[in-house]
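This report describes the fold of one protein chain, element by element. The sequence and the model come first, and the description follows.

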Amino acid sequence: MTHYGEGEFDGEDLRAASTFAGVPDEFQRLWTPHRMAYIENGQQPAEADCPFCLAPGMSDEDALIVHRGTHAFVLLNLYPYNSGHLLVCPYRHVAMYDEATIEETAEIASLTQEAMRVLKKVSRNDGYNIGMNQGRVAGAGIADHLHQHVVPRWATDSNFFPIIAKSKAITLLLGDVRNAVAAAWREQN
Ligand SMILES: [Zn+2]
């Protein structure tokens, strides 16, 4: 797996998203150049190398899994938009939401609700971004394996994350975040 670390964007011309052409709207943008690099440079993995197929075979700690359900599981995004960014995935390697079974969609929905409650308890966030990118053109990093994003948002977070994302600290913190979220999830059940 490719990792993007310190110095990746040295010499890059990084501009504030607010200087881009367009009409301002009510949406806050999370400007995440590290994430764009992942999307643009990252090859789509073959099914045998699919990170969401490999994760359930690993330990919770190594795979950053916070909860295992019957048809779907929840893990921390290795390339988070924000601290506590969770992904809800079916175990089955299907790409599109309309390919998921009734059982899978029902559990993805209930795990998404549970993820919201757990995150609220752990991180006291003010809001969430929840959703799925379907297909590479729509921004899916791993387009071949369905995953629902659950991203906690704080009133003050929009300009904070791109700075810490470029440091190694976030990688080290992922283990701590996983422990906290997994513990809260166990408590809830
Ligand atoms: Zn897969």
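Which exposed residues does the face of α4 turned away from its buried side carry? That face carries Ile102, Gln113 and Arg117.

## Model and conventions

Residues are numbered from 1 along each chain as its sequence is written. The model is predicted: local features need pLDDT of at least 70 and side-chain atom pairs count only at pLDDT 80 or more, while totals for chains, interfaces and linings use all residues.

A residue is called buried if 20 or more other C-beta atoms lie within 10 Å of its own, exposed if 12 or fewer, and partly exposed in between, with C-beta atoms placed from the backbone. Helices (H or I, at least four residues) and strands (E, at least two) are DSSP runs, numbered from the N terminus.

## Overall composition

The protein chain has six helices and five strands. Along the sequence they follow the pattern α-α-α-β-β-β-α-β-β-α-α.

Of the 189 residues in the protein chain, 24% are buried. Two residues are in contact if their C-beta atoms, placed from the backbone, lie within 7 Å. Among contacts between residues at least 6 apart in sequence, 70% join residues at least 24 apart.

## The sheet

Strands of a sheet pair through backbone hydrogen bonds, either parallel or antiparallel. Here five strands form an open sheet in the order β1-β2-β3-β5-β4, and the pairing is antiparallel; two strands count as paired if DSSP finds at least two bridges between them. The edge strands are β1 and β4 (127–131), each of which pairs on one side only. Neighbouring strands of the sheet are turned by 15° against each other on average, direction ignored. For such angles, axes are lines fitted to C-alpha atoms, for helices over the stretch in contact, and values run from 0 to 180 degrees between N-to-C directions.

β1 and β2 form a hairpin with three residues between them. Three bridges join these antiparallel strands, and arginine 68 has phenylalanine 73 in β2 as its bridge partner. Phenylalanine 73 also stands opposite cysteine 89 in β3.

## Strands β2 and β3

β2 (residues 72–76) and β3 pair in the antiparallel sense over five bridges; alanine 72 has proline 90 in β3 as its bridge partner. All five of the five residues of β2 are buried, so this strand is largely enclosed by the rest of the structure. Ala72, Val74 and Leu76 lie on one side of β2, and Phe73 and Leu75 on the other.

β3 (residues 86–90) is mostly covered as well, with five of its five residues buried. One side of β3 holds Leu86, Val88 and Pro90, and the other holds Leu87 and Cys89. β3 also pairs with β5 (residues 148–153) in the antiparallel sense, over three bridges. In that pairing, the partner of leucine 86 in β5 is valine 150.

## Nonpolar core

In soluble globular proteins, nonpolar side chains tend to be buried together. A nonpolar core is taken as a set of buried Ala, Val, Leu, Ile, Met, Phe, Trp, Tyr and Cys residues joined through C-beta atoms within 7 Å. The largest one has 29 residues, and those with the most contacts inside it are Ile65, Val66, Val74, Leu75, Leu86, Val88 and Ala115. β1 (65–68), β2, β3, α4 (102–123), β5 and α6 (169–188) each supply at least two residues of this core.

Leucine 86 touches Val66, Val74, Leu76, Asn77, Ala115 and Val150, not counting residues up to four places away in sequence.

## Helix α4

α4 lies across β1, β2, β3, β4 and β5, running at about 20° to β5. At 1.5 Å a residue, the 22 residues of α4 should span 32 Å, and its end C-alpha atoms are 31 Å apart, which agrees; the expected span is 1.5 Å times one less than the number of residues.

The buried residues of α4 are Glu104, Glu107, Ile108, Leu111, Ala115, Val118 and Leu119. Seen down the helix axis, they fall within an arc of 105°, so they line one face of α4; the arc is that of the directions from the axis to the C-beta atoms.

## Positive phi values

Leucine 64 is not a glycine, yet its phi is positive, near 60°. Leucine 64 is in the loop between α3 (60–63) and β1, and counts as buried because it has 22 C-beta neighbours inside 10 Å.

Arginine 124, also not a glycine, has a positive phi of about 45°. Arginine 124 is in the loop between α4 and β4, and is exposed, with 9 other C-beta atoms within 10 Å.
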